[in-house]
Amino acid sequence: MEIPLHHLPPGGRQFKETWPHLTIEEKSGLRGLRAVAVAVTARADPERLRLQGQAESEALLVCSRCLAEFELPLTAEIDCTYALTRDYLEQDADVARLVEGDHVDPQPEIVGLLLAELPYQTICHDDCKGLCATCGSDLNQGPCHCPSASGSPFEILKTLRTKQGDSPRD
Ligand SMILES: [Zn+2]
Ligand SMILES: [Zn+2]
């Protein structure tokens, strides 16, 4: 996306773009973003450029409990200011960065705003049962045949003894 820094009308100009799938693996559980739809209005004065609008996408995530891939819709409000002069950069603490030249590509900031909307915990459903710690089956598909983890520790000991008792007879 290229936003020109000059010759913008006083009321601003709207820019719309859809970016193709982005592969990102910088956070645990995140595999990427599906197409990102961006709509922003750009306004500029000699010192700064301000972008306001919205970005929508779907995050491709891996559940931290059951390891299934799932998608989560993300919407981010965009309000991003770029300094066009070094003086303005020093004045305004909320500026994203200094931009030199005749255009800015706001993709890093917009992707950052979308990723900031990700939940703290990456779970496919609030009630995801996860994987069995013993056999690895997905407990969302139904219970496995392992002794219940919530059962008494003596039950588990009993199965261990049975297994040990079985082996010499083979
Ligand atoms: Zn899950
Ligand atoms: Zn199991």
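How are the donor residues of the zinc ion (ligand 2) spaced in sequence?

A: This is a predicted model, where local features need pLDDT of at least 70, side-chain atom pairs count only at pLDDT 80 or more, and totals for chains, interfaces and linings use all residues. Residues are numbered from 1 along each chain as its sequence is written, chains are lettered from A and ligands numbered from 1 in the order in which they are written, and side-chain values use heavy atoms, with hydrogens and water left out.

The donor residues of the zinc ion (ligand 2) follow the spacing C-x2-C-x8-C-x1-C. They are Cys132, Cys135, Cys144 and Cys146, each giving its SG atom at 2.3 to 2.4 Å from the ion. Donors here are N, O and S atoms within 2.8 Å of the metal (3.2 Å for Na, K and Ca); water is not among the atoms, so sites may look incomplete.

The angles among the 4 donor atoms run from 106 to 114°, and the site is tetrahedral.

As for the setting, the protein chain has 170 residues, of which 33% count as buried. The chain holds 3 helices and 8 strands; these are DSSP runs, helices (H or I) of at least four residues and strands (E) of at least two, numbered from the N terminus.

How values were computed: Buried means under 20% relative accessible area, exposed over 50%, partly exposed in between (1.4 Å probe, protein chains only). Four donors count as tetrahedral if all angles lie between 85 and 135 degrees; four count as square planar and six as octahedral if opposite donors are over 155 degrees apart and all others between 65 and 115; anything else is irregular.
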